[in-house]
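Please read the points below with the model open beside you.

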Amino acid sequence: MTDIIHNLKTTRTSQKPWLTLKAREMMEAWLFVSPSFIGFLIFFLGPLCAVVYYSLTEWNLLTQQATFVGLRNFENALLENPDFWHVVRNSVIFALGLVPLNMALALTLALALSRPFFGVVFFRTVFFAPVITSAIAWAIVWKFLLQGEGGFINQVLALVGITGPNWLREPGWAMAAVIITRVIKMVGLNMILYIAALQAIPRDYEEAARLEGASRWQIFSMITWPLLAPTTLVIMVITTIGSFKVFDHIYQMTGGGPENGTLVLAFYIYQQGFKFFNVGYASTLAMIMFVIVMALTIVQVMLRRKGME
Amino acid sequence: MRAALAGIAASALTLCAMTSTAVATDLRMTVWTGSEVHLKMLNGIAEGFKAKHPDVNVKFETVPVNDYTQKLTFQVAGGNPPDIAWMMEDAAPAFENANLLMDLGPTLKATEGYDFADFSQPAMGLWQKDETVYGIPFSTSPFMIYYNKDMFDKAGLEDPLALAAKGEWNMDRFQEVAKKLTAANPGKWGFEFKDGEGYASRMTHALLPPIRAYGGDIWSNHECGFDKPEAIKAVKQLHDMVFKDKSIVPPGEQGDYFSGNSAMTVNQISRASKMAEAGFKWGIAPLPSGPGGESPVIGQAGLVVFAQGKNKDIAAEFIAHMTSKENVAIMAQFFPPARKSVLESDAFINGNKLIPPEMMKNVAAAIANGRVHPAHEKSPQILAAMAPRVDALWKANADVDAAIKGICSAIQPLL
């Protein structure tokens with residue numbers, strides 16, 4: 001009996017485990033990430049690959065007919081379709097207007113609201129509130145405020161003797177209006193990122209500089225701003241990407257008008273895919289937008305690196 | 001033995017219940033109305049069908065009007081079309097040409113007492129090709145002038161209904177009245193385009209009635225009509241009303257008729273359901289006539305069954321039920337019929353709970369004389385091509401002739 005028990009123990013201890021410790025850990029890790037990884041495959045990577053394929057087809061959703069056309073859609077968009085370049089131009093103008101304005105305002109607000117003072121939480125909340133407001137509700141309210149003669153903004157301007165434009169019916173002013181209202185909507189997010197970055201800068205640096213006689217501008221330009229560089233890069237990249245992807249705001253406020261003056265790339269893709277049902281062509285445009293945004297991001301990162309060197 | 005029998009009986013009952021659950025059919029029908037009054041009426045019609053087909057449940061699914069065709073298309077593309085859809089006239093040609101719709105002809109013609117020939121042929125124009133019936137127009141609704149009687153009284157003006165009765169309701173009078181109404185009601189306007197969307201999604205609905213009153217059309221026989229002399233006159237008159245008289249709600253402003261901010265608008269009688277909450281005296285009248293005579297415009301919607309639907313045969317039967325003489329008469333209070341027998345009946349003129357008979361007579365006349373809004377397979381592309389050119393038109397300093405030519409050069413290739 002004792003021998004049998006001894007033999008069993010020996011067998012059990014000498015038996016090799018089914019999986020090595022490393023493999024077991026690896027398997028556990030995969031099990032933990034698998035729910036989100038499977039979701040990523042099905043809902044992100046799968047559709048992304050599908051869009052690459054669709055961009056090479058002429059596929060009308062209504063007739064359900066898809067024909068492989070190779071690079072024909074790209075050729076049409078880049079070389080033959082004058083609307084495409086008009087739309088790209090609008091997207092670039094939107095980004096050039098929105099990104100610097102948003103960043104400058106976010107930084108100014110962050111500098112003002114990063115230090116504790118009475119009511120600071122209230123002001124931070126006020127500037128952040130639009131970020132969590134529904135984009136459609138936001139656009140509807142602004143559309144109402146930006147009416148022509150009867151609009152609130154123009155009535156306020158009239159009080160100081162200024163005749164305001166018909167904001168959303170004149171191409172240049174419409175673009176300015178959508179940029180400014182978008183900046184006000186989204187600036188709170190960048191403000192919070194800058195506040196977090198400012199609060200992470202050790203106070204000793206500033207105090208030491210002040211003791212050395214540095215002015216406030218010198219402290220900002222030579223200490224604060226360089227230390228904010230990584231945050232600035234992140235903000236610049238996400239704001240640029242966001243500006244190229246803007247859709248809901250345009251959809252509700254101008255519908256791409258007037259005279260296609262605010263017809264930006266994301267809205268044009270929607271129009272092709274969801275109004276004209278040209279899914280193949282819309283996918284091609286989405287691919288081009290992806291490349292543009294990717295290129296801009298790489299350029300920004302490279303410029304920042306060069307600047308840091 | 002008794003226990004065994006009871007067991008067998010219980011099993012049989014369960015089996016029957018399961019079988020009846022298994023054969024129950026749910027029909028899904030998309031509509032773009034969310035009005036409680038409309039849905040109550042539609043559910044009542046569905047209940048009537050259930051009396052004949054106890055195993056069939058009809059569910060109405062409201063899809064917002066601005067996204068309607070788009071959502072319908074995506075449901076079709078995703079292999080999940082509704083069994084029945086209420087389809088807009090401008091979407092119909094594209095769906096028909098894509099062979100997505102079932103031929104309802106055999107079912108309708110085989111339905112006892114249906115009387116297919118009762119549908120007026122002009123009303124069937126969009127929905128029938130030779131012997132194939134792609135849909136049944138359940139709403140053949142003319143554009144009418146809605147007016148705010150209180151604002152007319154305040155301005156001391158005869159209302160459009162009275163002017164129409166005297167044969168004096170024409171485009172010149174329309175302009176004159178709109179101007180006076182604007183002057184008498186500061187901060188408000190004489191006229192608002194349909195649903196306040198005349199410069200955007202309803203740009204053709206804004207331009208078509210006056211163009212037809214002058215004897216033109218926006219397009220016909222694949223040819224653009226905006227640059228024809230009749231259309232140019234009409235557009236110039238509207239342009240003057242917006243920017244010189246300032247009597248039409250201009251682009252960029254909101255002057256909702258239903259909230260009392262405009263004295264007149266153009267709409268269909270289904271909107272009468274909104275008037276209960278309006279808080280002012282109102283009426284409806286014909287569209288103003290013009291040098292081209294009376295040219296009413298009709299907006300249509302049809303009922304269709306998707307060919308790929310699982311329950312298409314029973315869905316076609318439901319359409320036969322829904323568009324029977326009795327049910328068309330019930331729906332006629334909101335959705336004017338294409339059935340001649342209902343249109344000519346006293347009940348249609350006298351039976352509307354919201355609109356008095358003297359006004360309903362004009363509705364019936366407008367259906368009889370009207371022509372539907374032009375439809376095209378490429379309607380979305382045409383509207384998108386038109387939009388920037390129409391924007392250029394609606395400016396105070398616009399070169400109207402050049403803008404009109406621009407509209408035609410943009411849409412002609414698509415026509």
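**Notes on the model**

1. B:Asp195 is partly exposed, because 19 other C-beta atoms lie within 10 Å. The classes used here are buried for 20 or more other C-beta atoms within 10 Å of a residue's own, exposed for 12 or fewer, and partly exposed in between, with C-beta atoms placed from the backbone. B:Asp195 sits in the loop between β8 (189-192) and α10 of chain B, and its phi is near 55 degrees, a positive value in a residue other than glycine. Helices (H or I, at least four residues) and strands (E, at least two) are DSSP runs, numbered from the N terminus.

2. This is a predicted model: local features need pLDDT of at least 70, side-chain atom pairs count only at pLDDT 80 or more, and totals for chains, interfaces and linings use all residues. Residues are numbered from 1 along each chain as its sequence is written, with chains lettered from A and ligands numbered from 1 in the order in which they are written.

3. B:Asn99 also has a phi near 55 degrees, positive in a residue other than glycine. It is in the loop between α4 (92-97) and α5 (105-110) of chain B and counts as exposed, because it has 12 C-beta neighbours inside 10 Å. In chain A, a cis peptide bond with omega of about -10 degrees joins A:Gly257 and A:Pro258. Most residues other than glycine have a negative phi, and most peptide bonds are trans.

4. Helix α10 of chain B (residues 203-213) has eleven of its eleven residues buried, so it is largely enclosed by the rest of the structure. Among the elements its buried residues pack against are α9 (171-184), α11 (229-243) and α18 (379-393) of chain B. Just after α10(B), B:Gly215 takes a positive phi of about 100 degrees.

5. Chain B is divided into domain 1 (17-142 + 299-372) and domain 2 (144-295 + 378-411); the bounds come from an automatic or database domain assignment. The contact takes 18 residues from domain 1 of chain B and 16 residues from domain 2 of chain B, where contact means C-beta atoms, placed from the backbone, within 7 Å. On the domain 1 side, α17(B) gives the most, with five residues.

6. Chain B averages a pLDDT of 89, and 94% of the residues score at least 70; pLDDT is the predictor's confidence in each residue, from 0 to 100. Over residues 15-22 of chain B, pLDDT stays under 50. The predictor gives the complex an ipTM of 0.80 and a pTM of 0.83.

How values were computed:
Contact = placed C-beta atoms within 7 Å.
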